[in-house]
Amino acid sequence: MIVEDSLVVRELLRYIVSRDPRLELVAAVASGEEALAAIGSARPDVISMDIRLPGIDGLETTRRIMAERPTPIVVIADAVEDSSLHISMNALRAGALSVVEKPVATTHAGYESVAGEICTQLRIMAQVPVIRRRPIGSEWAGRSAAAPSAPAPMPLASGQSPSVFGIAASTGGPPALAKVIGALPENFPLPILLVQHMGPAFMEGFAAWLDSVVTLPVGLARDGERAEPGRVYVAPGDRHLELGSNRVMRVINSAPVSGQRPAATVLFRSIARHAGPSAIGALLTGMGEDGAVGLGDMHAAGAQTVAEHESTAVVYGMPAAAVRLGAARAVLPLDRIAAHVLSIAMPGAYP
C-alpha cells in the first residue's frame, strides 16, 4: 500500500512498484485517515509511508498502524528537509523499519538508483515480522523475561582501563541505538564509534536526530579527528569508519564489506587492532551478517563484546550471526545492554 498525498509522487511510486514483478500494489491512498480505513481490507504486506500528510501525519499514522494492525512500514522521505528527516527518525522510533529517499522525476540523473532502492526496501521489509508496539520506553516490557542474564565481564588486565565503545545496527537500529546510548550518563568516559546502515542522504539527519534524543553529543565522524571521551561519532554515509592509533579516526572509501559501506565489521576490526582488550563492542538488530566477523575479532583480542538478544531485536540477523560465531561474551535484551556497558566502563559508579 502506498500512502502519499502528492498525486504526482503517488503516481510515480505506482509506476516504480509496477515495474517490479515481485511487488503488487493493493492500494494507493492520499492521507493517513484513508490508510487506516483501507488497511483492513487491503491487508498489505508492506506500506510505503509519506511523512508529510494532511490531517493525521505519517508519524501518527505509523503509531496507529503499529498499535492496531502491525505492518512493515518503509518511510519515503525528502532527504534534504531537516524537519522531514527529524519526523522520519521519530517514525522509525514508532515502529517503521527503514527510510528511503523520495523519488524524483524519471528524467533525473539519480532516478534509477532511488527507484531501485525503494523496491529493494519494500521487498525486504515485507518479509520482516512485526509486533504490536507499546509506547516508547516500555515497548520491550515483558518480552525479555526469558533472556539470559549477563555473565560477569572478564576483568581487564592490571592497570588497563576501557578505552572505546563501538556499536552498530541496521534494520530497527535508530530506536535501538537511541535506547542504549540514551541510557549512558553525560560523564560516560569513553568515545563511542557508531555504524548504522542507512542511505547516505540520511546520515547527517540521523546524527542530528540522535543528538536531539540522547544526553551525549553526537556528530558525524571526520577523517583525522581524535575520538574524545563522552562523544558519539557516526560513520558518514557511504564511507567506512575506522579507529586508528591514538584514537585518531579514519573515514575511508574502500570497497563495501558484506555489501555495506559503512560496515560494522570494518569498524570492529579496527577497534580490535588498536584497542584490543580495552574495547567494548555491541552489535544490535539488523538484517544480514555484517559486524559478526568483526565482533569475533574483538572477542579474540580480549574485548568485551555483547549482542542483542532475539527477544528484543526487530530483525535477529546480525546479532544472531555473532552468536553463531561465538563472538559475543554476553547476549542481552536491549534494555539491559547499557547497564552492562556501564558495569565495564564505570565499574565503581555502576556495579
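Q: How many helices and strands does the protein chain have?
A: The protein chain has 11 helices and 14 strands, where helices (H or I, at least four residues) and strands (E, at least two) are DSSP runs numbered from the N terminus. This is a predicted model, in which local features need pLDDT of at least 70 and side-chain atom pairs count only at pLDDT 80 or more, while totals for chains, interfaces and linings use all residues. Residues are numbered from 1 along each chain as its sequence is written, and side-chain values use heavy atoms, with hydrogens and water left out.

Q: What is the mean pLDDT of the chain?
A: The mean pLDDT (the predictor's confidence in each residue, from 0 to 100) is 90, and 89% of the residues reach 70 or more.

Q: And where does pLDDT stay under 50?
A: It stays under 50 over residues 133-145, for which the model has 25 contacts beyond four places in sequence; contact means heavy atoms within 4.5 Å. Where pLDDT is low, the predicted coordinates should not be read in detail.

Q: What percentage of the residues is buried?
A: Buried residues make up 54% of the 351 residues in the protein chain. Buried means under 20% relative accessible area, with a 1.4 Å probe and protein chains only.

Q: Turning to helices, at what angle do α6 and α7 cross?
A: The axes of α6 (residues 173-182) and α7 (residues 203-213) cross at roughly 35° and come within 10 Å. Axes here are lines fitted to C-alpha atoms over the stretch in contact, and angles run from 0 to 180 degrees between N-to-C directions.

Q: Which residues make that contact?
A: On α6 they are P174, P175, L177, A178 and I181, and on α7 they are F206, W209, L210 and V213. These divide into 9 nonpolar, no polar and no charged, with Ala, Val, Leu, Ile, Met, Phe, Trp, Tyr, Cys and Pro counting as nonpolar, Asp, Glu, Lys and Arg as charged, and the others, Gly among them, as polar.

Q: Why is α11 described as largely enclosed?
A: Helix α11 (residues 337-345) is largely enclosed by the rest of the structure because 7 of its 9 residues are buried. Those buried are I337, A338, H340, V341, L342, I344 and A345.

Q: What do they pack against?
A: The buried residues of α11 pack against helix α6 and the strands β6 (164-169), β12 (279-283), β13 (304-308) and β14 (330-332).

Q: Is T62 buried or exposed?
A: T62 counts as buried because its relative accessibility is 0%. T62 lies in helix α3 (residues 58-68).

Q: Which residues does T62 contact?
A: Leaving aside neighbours within four places in sequence, T62 is in contact with M49, I73, A91, A94 and A96.

Terms used. Buried means under 20% relative accessible area, exposed over 50%, partly exposed in between (1.4 Å probe, protein chains only).
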